[in-house]
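Please keep the sequence and the coordinates at hand while reading.

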Amino acid sequence: MGSRGRPKGGRDWDFEPEPEPEPAPPPRPVVGGRVEGGRAERRRTARKVRRRRRTRRAGEVPLLVVVALCIALLLKTFLVQAFFIPSGSMEQTIRIGDRVLVDKLTPWFGSEIERGDIVVFKDPGGWLKGEAARPPKDPIVVKQIKQALTFIGLLPSADEQDLIKRVIGVGGDTVKCCDNQGRVTVNGSPLDEPYVNPGNTPSDIPFEIQVPEGRLFVMGDHRANSSDSRFHLDEGFQGTIPESGVVGEAVMIAWPYGHWTRLEQPATFRMVPDQARREGRGRRRRRRGTPFA
């Protein structure tokens, strides 16, 4: 070894070179007297991001509104529609001013209307003249707004040419009034009608008809204040209405809250024999239950 403890040969294996100093970061550019990349710059960038987000959200609102309106229009057209009741022809079951929900989906599956159903249908011609007067007309601007909301299904219809009645007889049935106890009979079976407005008789007009196929014999629950099939017996088809004119089945009173109830088929109609089936012309019956989810 050498004089200083190094091995002969002159190479120092324990020698480590000193690390080179790291280069200094480049100076930040100065713009308008301010250093870019500082805290102020980060705040400005964050504000820009927030503004862009607000602008994007504001642009999405009209799209969401259009989608919601399209969904409401589809629901009204194919599933459920609300209707305003302007007359007392269905009291006390449905009162003036009630809003009812009408199931428009069931007929799409080929099910037929049954006795006891409450249906909304188009005016066959002149029936509305016998109904109670409709509400006074709104100012022009209010009327247009209501028409727009009604069109998309967000507001019940208040001035369409529709009526609402209860189906008493379907195609092939024989409907008669009255038996020796003053009751309406269908195919010889007397109807117990607790839904008839108190103080009314089942009918003050005697009649007996056989309902043509594809048509319905309808009556209001307020028999003394209903321009129904009984008042059109001398017209074509003896006051019956076409099934094709039915908009849908009223299934629920939705408003006001105190009148909320489900509209179901009265038990008395379940005892009526099916005249069409007796004669070998079976009808496709609808399964009772919830008509829409």
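**Charged pairs and backbone details**

Arg166 forms a salt bridge with Asp221, and the closest N and O atoms of the two are 2.8 Å apart, where a salt bridge is a side-chain nitrogen of Lys or Arg within 4 Å of a carboxyl oxygen of Asp or Glu. The pair links distant parts of the chain, since Arg166 sits in strand β6 (residues 162-169) and Asp221 in the loop between β11 and β12, 55 residues apart. Both Arg166 and Asp221 are buried, a class that means under 20% relative accessible area, with exposed meaning over 50% and partly exposed lying in between (1.4 Å probe, protein chains only). The model is a predicted one, in which local features need pLDDT of at least 70 and side-chain atom pairs count only at pLDDT 80 or more, whereas totals for chains, interfaces and linings use all residues. Residues are numbered from 1 along each chain as its sequence is written, and side-chain values use heavy atoms, with hydrogens and water left out.

Side chains of opposite charge can pair when their charged atoms come close. By the rule given above, the count comes to 8 salt bridges. Among them is the one between Arg115 and Asp274, whose closest N and O atoms are 3.7 Å apart. Arg115 lies in the loop between β4 and β5 (118-122) and Asp274 in the loop between β14 and α3 (275-278), so the pair ties together parts that are 159 residues apart in sequence.

The elements named so far belong to a protein chain with 3 helices and 14 strands, where helices (H or I, at least four residues) and strands (E, at least two) are DSSP runs numbered from the N terminus. Strand β7 (residues 174-177) runs antiparallel to β10, and 4 bridges join them; two strands pair if DSSP finds at least two bridges between them. Within this pairing, Lys176 has Glu208 of β10 as its bridge partner. In a regular strand the side chains alternate between the two faces of the sheet. Strand β10 (residues 207-210) has Phe207 and Ile209 on a covered face, while Glu208 and Gln210 are on an uncovered one.

Several backbone details fall in loops. A cis peptide bond, with omega about 0°, joins Glu91 and Gln92, and Gln92 is found in the loop between β3 (80-84) and β4 (99-103). Another cis peptide bond joins Trp255 and Pro256, again with omega about 0°, and Pro256 lies in the loop between β13 (246-255) and β14 (261-262). Asn187, although not a glycine, has a positive phi of about 55°; Asn187 is in the loop between β8 (184-186) and β9 (189-190) and is buried, with a relative accessible area of 10%. Gln238, also not a glycine, has a positive phi near 55°, and is partly exposed at 34% relative accessibility.

For the chain as a whole, 37% of the 293 residues count as buried. Of the contacts with a separation of 6 or more, 73% are between residues 24 or more positions apart, a contact meaning heavy atoms within 4.5 Å.
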